[in-house]
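Dear colleague,

I am handing over the structure below, together with some notes on what was found in it. Please read the notes with the coordinates open beside you.

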Amino acid sequence: FIGSGEVDPRPGVLRMFREAKEAGLKVAVCSASNKESVIHVLTNLLGEEIFEFLDLFMAGDDVANKKPDPEIYNTAAERLGLTKDECIIVEDSGVGNMAAVRAGMRCAITYTDSTEDYDFQAERIVSNFEGGNGLPATTIQDFVDGPPAEVGDDRKATVAA
């Protein structure tokens, strides 16, 4: 299904990768799935050039303990030479969110249909990075600036509308 070309990347993901690199930030992918599966998904959804954007790529088979254990995030930060305070994790799942929280790192959620009802612990919770439901598009600068005064959760905006 992924290789069919009929699946699009999450809205705003490619733009966010580009913005991060243009801002001089380090970009990594840390997936709980095995390396072969992640490479298949990334190359089919984002293209081979996605690996040019990445400063680090880690998969579940690169660590002893998978998410929700924070090992993959702690190892990535160490390999990138970053402190926990310099990292922000972008997740779409509950186990990923738990791993980020357990690692003591900032977390933003772009949820999926299957995870939208999860009680995430994150500074931003949006359905996608392109905005909607009265919220503007999310930018890399938003992450650099830190959590908003009011946590933007477009699920709440949808309910309130």
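The notes below cover a helix, the aromatic pairs and a lysine.

The model is a predicted one, in which local features need pLDDT of at least 70 and side-chain atom pairs count only at pLDDT 80 or more, while totals for chains, interfaces and linings use all residues. Residues are numbered from 1 along each chain as its sequence is written, and side-chain values use heavy atoms, with hydrogens and water left out.

I begin with helix H1, which spans residues 13–22 (helices are DSSP runs of H or I with at least four residues, strands are runs of E with at least two, and both are numbered from the N terminus). Its buried residues are Val13, Met16, Phe17 and Ala20, where buried means under 20% relative accessible area, exposed over 50%, and partly exposed in between, with a 1.4 Å probe and protein chains only. Seen down the axis of H1, these residues fall within an arc of 105°, so they line one face of the helix; the arc is taken over the directions from the helix axis to the C-beta atoms. Among the elements that cover them are strand E1 (28–30), helix H3 (50–53) and helix H6 (140–145). Just after H1, Gly24 has a positive phi of about 80°.

Turning to the aromatic rings, the count comes to 4 pairs, on the rule that rings of Phe, Tyr and Trp (its six-membered ring) pair if their centres lie within 6.5 Å, with planes under 30 degrees apart counted as stacked, over 60 as edge-to-face and the rest as tilted. One of these is the stacked pair of Phe17 and Phe53, at 6.2 Å centre to centre and with 20° between the planes. This pair links distant parts of the chain, since Phe17 lies in helix H1 and Phe53 in helix H3, 36 residues apart. Phe17 counts as buried at 12% relative accessibility, and Phe53 counts as buried at 18%. The rings of Tyr118 and Phe120 have centres 4.8 Å apart and planes at 55°, so that pair is tilted; Tyr118 is partly exposed at 32%, whereas Phe120 is buried at 6%.

Finally, Lys67 sits in the loop between strand E2 (56–58) and helix H4 (71–80), and at 15% relative accessibility it counts as buried. Its side chain makes a polar contact of 2.8 Å with the side chain of Glu91 and another of 3.1 Å with that of Tyr73 (a polar contact is a pair of N or O atoms within 3.5 Å, of which, within protein, one must be able to donate a hydrogen and the other to accept it, and residues adjacent in sequence count only if both atoms are side-chain atoms).

Best regards

Conventions:
Contact = heavy atoms within 4.5 Å.
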